[in-house]
Structures are given as structure tokens and as C-alpha cells.
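Dear colleague,

I am passing on the structure below, followed by some notes on how parts of it are put together. Please keep it open while you read.

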Amino acid sequence: MPPPPPHYPHHPHHPTTFFPLFRRTLLTFATRLLLALLNFGTVVLTARYLGAAGRGHVSLLLTDVALVLLFIGLLGGSSLIYLAPRRGLLRLLVPATAWAVLVCATGAGVVGVVRGTGAAYAGQVFGIGLVQALVSITSSLLLGRRREGWFNGLNLLQAALVVAALALLLGGLGLRRLEVFYWTQYIAYGITLAISVLLLMRLPEAPAHRALTRRALRRITRELARHSRSAHLSNILVFFNYRLGYYALAYVSGPAAVGVLSVGVALVEALWLIGRAAAQPQYVDLIHAPDKTARLPALWRAARLTGLATTAGLAGLLLVPAPWLAALFGPAFGAARPVMAVLAPGALAVGLQIVLSAWYSGIGHYRTNNGAALAGLAVNVPACALLVPHFGALGAAGASALAYVTSLSYLLWHLWRDTGYAPTALLPRWAELRALLRPGTAITEGR
């Protein structure tokens, strides 16, 4: 268990040039934006050609697959990235792949039984989940070996292949069937997997790491598990906060209602790209900084600017008329507009939390982030039970928003207690807005 964080004294004000870090954030955002646009194309195509019920089925399938893949991260994920430069690739690949097969088979069986979807659907969860898991494993190993360009390229390729295949099969050939979406997943991820394996084979492998003994595999499996547990628990809790409403709504109202909810969620969650782009350089700087506390002013500034940008994006989304949504996605999806309005406060809270949680991740105190996710889940479960039966998709959106605000409040309270920065540190500052307009401007870091 890591030691408790120390008390952080007030740092003297010192001017710094703001633009270099902002430029890194913009580059990260541009990459993520391109990927999000491709994924958004998937939402549009499935909504237009498969309708609300079809879109609901797609959303539930992807949610089920994502839930299964979460548990694969308990023996992989970020630990593969961390260990790839330190251990032989084959030693990491074998236990990670075996664990992926086991988890996908078990998870698909559990989904089929609990949700009563039948063997055919469970088979799709297993197949799509496994091919996605294998791409994740090979891509993580490439990233761990500092092949960031290959990693980003594979992610973009996979998303582009899904959109291209959907456009051809649904739009071009007129195959308006749910099975078409399954086919596109196998095509896109299968091609990406083949390329990632070929790229892995090009990487040097130390001769000393080629031997695969039972003892070596047991040792590397324990090491993978040890590095994954604490960090990945938060991902599991956050996932349930994000998608609990889908399951509750599917149980009460069916897949068509989930389809409408998923479009509103997809549009609002697209704005979380801003927070993720801001959080990545903050996290990287934190884990490499000899003096972690010196990074606090920059972290809060990133959160303030993320809040402004996310608020502006939400305002723009809420100004989109319902008929425009219906024209883009299909007649049933004009009802996504009130869903977006209900979700908006929670979406802003998540954008801020993504940035601020980088502090506890960067110093290795995952317990606080886990606590924030648990606090949100403790609100989400009863809120779904009370709101979804009466308000449908709006109730699911409201439950999510309440959970997101609760999680942020928990995190802000701990940051105030641990660092001395009050929640008022999120209030915008004119000097920072001027720095955005004049990139070379020096600003003062402080509270």
C-alpha cells in the first residue's frame, strides 16, 4: 500500500509560458478527434439503416463486449504496456492470450444466461470480444515498445474499416440486417489483428526471453496480475457508472429506447475527448516529475480550460434542433435531444473529473479514484431503479448525471483535503483566456 499523500504547501507564483503544453494537448486532441469522428460514423450508419431497435441492439452488444473486455484488463491492459520493454514479448503474449480466451468464453456464457439472449448472441459476444481483445493485446505490446505511430495507426485503421464496411454493406448493397454489423467487426478487427501480429514479428526479441517454461509463465502471469489490479479496478467501476442505464432501460423499455438513449449519450460523450486530451500530457508530466506538487497549478489550469471548452461544446449541442437529429439519424432519434439536455451537467462533471483524476493516477494513489467511482455507483443504482421505470430514457440519463456529479464531488473533496486546493480553483481566469488568444503570453501559476 502506498504511503498517504503529504500535505502540499502553497507554491510561490512563477510565470511560465502556457502554449507548449497547450500545443501538446491540441495534438493529442486532434488524433482522438479523428478516431471519434470515425466512431461517430458508425453511430450514424447503424442508426439510419437499422433504426432505433437495431441501433439499440448494436449498443447493447458493444456494451456486453466492453463489459467482458474489462476483465481481460485484470491480466493485461496497462500492465502489458508497462512490462513490454522489460520482458520478452512471447512471454507476455502467451498468458495474456490464454486469459483473453478464458474470459471471453466465461463472459459470453454469463451474458447469455443472465440476459437470456440465447446461444447465438453469446457466440457473437465471444467471437467479437475475442478478436477485439487480441487486437488490444498486440497493440498494447507495440505501444509498450514505444511504437506510438503504429499503435495510433492501427486504432484509426480499425475504425475506418468498420465505417467503410458498414457504408458498403448497409448503404451500397442495401443489406439492412443486424448481422451486417457483426460481419464488419470481424472484418475490421481481423485485418487489424493480422497487421499488428506482422508488426510484432518485426520487433527484436532477446534470445534469453525465448524459452517458455512453466515456471517462467507462472512468474510472468503473477507479474501481469500484480501490475493490473489497482489501476484496473477503477476502469471496471467507471464502466458500470457509464452503462448501467443501458441495462436498466433495456429491461424496462426494450432495445428501441436504448437506441435513442445511445445516440444522445454518444453525442454528449464525444465532448469527453477534450478532457482526455488535456489529461494525457498532465499524467505523463506527473509520472516523470521529481516534484509532483509543482504540477498542481498546471493540472488545475487544464481542468479550468477543459470546463470552459466542454461547456461551450454542450451549449452548441443543445442548440441543435430535434428535426436536425431526426434528419441525420432517422425519424425516431429527435427524442435524443432532451436526453442530451438531462445528461449535460453530468457530462461536464465527467470532463472535469477525467483531468483531475490524473493527479491520483500520476502519484499512484488509485484508491481515491476508485472511491469516486464507487460513490457514483452508489447513487446510480437506486437512481436507475427509481427513475427508469417512470421516465424511460430520460430517467436513465438523469441517473447517470447524478452519478457523475457525485463522483466529481467526491474527488473535489479529497483534492481539497489532500492538496489544499478548494473547488473554487475550477473558476475560469481571464489571464488564461488571454493566453489562449496570445500563445506566447506568460501567465502566473498559483491558486
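For what follows, an angle over 145 degrees between two helix axes, taken between their N-to-C directions, counts as roughly antiparallel. Please bear in mind that this is a predicted model.

Helix 10, residues 296–318, packs against helix 12, residues 336–362, at an angle of about 165°, and their axes lie 9 Å apart. The two helices are therefore roughly antiparallel to each other, and their crossing is right-handed. On the helix 10 side the contact includes Leu296, Trp300, Gly307 and Leu318, while on the helix 12 side Arg337, Met340, Gly351 and Trp359 are among the residues that take part. Sorted by class, this contact comprises 18 nonpolar, five polar and one charged residues.

Helix 12 also meets helix 13, residues 366–391, where the axes come within 7 Å and cross at roughly 145°. Here Gln353, Ser357, Tyr360 and Ser361 of helix 12 touch Tyr366, Thr368, Asn369 and Ala372 of helix 13, and by class this contact has three nonpolar, five polar and no charged residues.

Elsewhere in the chain, helix 6 runs over residues 179–201, and its 23 residues reach 33 Å from the first C-alpha to the last, which is close to the 33 Å expected at 1.5 Å a residue. Among the buried residues of helix 6 are Phe181, Tyr182, Gln185, Tyr189, Thr192 and Leu200.

Notes
Residues numbered from 1 in each chain as written. Predicted model: local features only at pLDDT ≥ 70, side-chain atom pairs only at ≥ 80, totals over all residues. Heavy atoms only, no water. Helix = DSSP H or I, 4+ residues; strand = E, 2+ residues; numbered from the N terminus. Expected span 1.5 Å × (residues − 1). Buried < 20%, exposed > 50% of the residue type's maximum accessible area, 1.4 Å probe, protein only. Axes fitted to C-alpha atoms, helices over the stretch in contact; angles between N-to-C directions. Parallel < 35°, antiparallel > 145°, perpendicular 65-115°, else oblique. Left-handed = near helix turned anticlockwise from the far one by under 90°. Contact = heavy atoms within 4.5 Å. Nonpolar A, V, L, I, M, F, W, Y, C, P; charged D, E, K, R; others polar.
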